[in-house]
Amino acid sequence: MSQRIQNCYSRILAFLAFAFCTLAFSHDAASQNIYSRNAGSGNWDDAVSEWSTISHAGAACLCTPGAGNTVMIGNGNAVTYRSGLPVAVTIAGLVIDDGGGGTLTFGNGAVGTTLTVSGNITINAGGTLQSGATGATAHSILLAGNLSNANVFNLTAGAATNQTLSFTGAGQTISGAGATFTFRNLTMNTTGSNNVSVTSNILINGVLTYSANGLLIVNSTSNITLGSAASIAGNSNVRYVQLDESSATNSQLIRVNNNTVAAWQFFFPIGTATGGYAPLDLTAAGGAGMSTAPTNNATLAVKAIINPSNQGQLRRTFRLTVAGNALATTFSTADFYYNSGTDVALGDVLANYSTGWYLNTATGTWITVTGTAPGAGFFTSPTSAQSLGTGVYYYTIGTSTAYPSTWYSYQSGIWSDYNIWTLDPSGTTLVNPLVQPPLPGDQVVILNGFTVTVDINNINASSTTIQGGATLDMSTFTGHNLGIVAG
């Protein structure tokens, strides 16, 4: 009997030892943080010495990251996820630089690799997430949570040409003030037609692909920039870049130029919360013309601005901002799209908007331009070539007397406060149906006894009259064009 008990005991010990080894060497250490631990550099697939479930200085766990793990790369560690090692893995989250700095190089080789992150990717102030030297090999990060970058996110590093980050969740955000925030390819594949909110300046050098319904919503302080070779696929009236519709400087879709006309002959799939999808078509296929290639690395930023209802004016105005172009580039017959319902001012009918309007802020004066207005869903402008040299330009449609408006001071205050501006020439009644301060190209009159203090940069007016006893205090703000100044 004792021999049988001894044999049974030995078998139990052997089973327990096998189970322990199986767990210790398993592909993942589930449901916990897992820490990089090799000083200097190491490989993701190193199950012997790279990872610990205790801390960066803890004992090796004899495992690699897997489902349920939040991967913590820090303590100055540089981890390389070599392509195909493994071909695919799912983790709960990724934090780069949880103290002491850290780097993850993803996809360093010729075998296509997929990293699925069911939670968030967080790159802190000393962290770097970068692509490896992959050439044309496709590597993918599938992200269901948020992407936050406080330092370097660069999926074009190492000569990578086919790295893709796909947003696959719901209610996701792109945030952080990282100095480098560069995608090769970005794919919108969110669940349930969910949107992705962009609160950072990001650069896309490859393809922005819409594989599912959903919007990229850009806040008022951020921009999306497309490299000169970038493209957009799958866009539609439920798949576009939504801008903030205000007159703020940012919230733009920007295109870089490479000293070719073709780079700016582009379809900008933009829209706004009011009125929805309303793109700008500058393509040759759409009938737009363009001449004289812009300066290399010049940028064209596009935005649609929604104004409150003012009879005689289409509520949607397109702003084109060109930077860094010293050459005499011009364009013609672009198609500017609008919503034939919400973009029409209250009390107006679309048919009234038979005149094209154009403002070059360098001159500060609205002028009429020839084209097709109001059109059917879009107006075409201008028939005669207009400049795309460095400057800021506005295009819209309205009645033949739509612009400019003349604003009078109603009381003292700051320029940006709509409560100090009235359309009443006597200045005694507050008449401001637009609920906003003067628009670019408007005329301004500051009446006797009032002081208006400038609190913004880059004011553009066609004329500014300062009556005796009135004051316009420019404060410390700059970049203004007040047009013809009198008083």
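A salt bridge here means a side-chain nitrogen of Lys or Arg within 4 Å of a carboxyl oxygen of Asp or Glu. Keep in mind that this is a predicted model. A search of the whole structure turns up three salt bridges, so defined.

**Stop one.** Select Asp343 and Arg316, whose side chains meet in a salt bridge, 2.6 Å from N to O. Asp343 sits in the loop between β35 and β36 and Arg316 in strand β33, so the pair ties together parts 27 residues apart in sequence. Are these residues buried or exposed? Asp343 is buried at 0% relative accessibility, and Arg316 is buried at 0% as well.

**Stop two.** Now pick Lys303 and Asp244, another salt bridge, with the closest N and O atoms 2.7 Å apart. Lys303 belongs to strand β32, while Asp244 is in the loop between β25 and β26, 59 residues apart. Lys303 is buried at 0%, but Asp244 is partly exposed at 22%.

**Stop three.** Select Asp45 and Arg82, a salt bridge with its closest N and O atoms 2.6 Å apart. Asp45 is partly exposed at 25%, and so is Arg82 at 32%.

**Stop four.** Move along to strand β6, residues 88–91.

**Last stop.** Find the largest pocket, holding about 760 Å³ of space. Its lining has 32 residues; Ser247, Arg319, Tyr394, Pro440 and Asn458 lie nearest its centre.

Terms used
Residues numbered from 1 in each chain as written. Predicted model: local features only at pLDDT ≥ 70, side-chain atom pairs only at ≥ 80, totals over all residues. Heavy atoms only, no water. 1 Å grid on protein atoms, 1.4 Å probe; cavity = no way out; pocket = protein on both sides within 12 Å on 5 of 7 lines; lining within 4 Å. Points joined across faces, edges and corners; volume = space filled by probe spheres on them. Buried < 20%, exposed > 50% of the residue type's maximum accessible area, 1.4 Å probe, protein only. Helix = DSSP H or I, 4+ residues; strand = E, 2+ residues; numbered from the N terminus.
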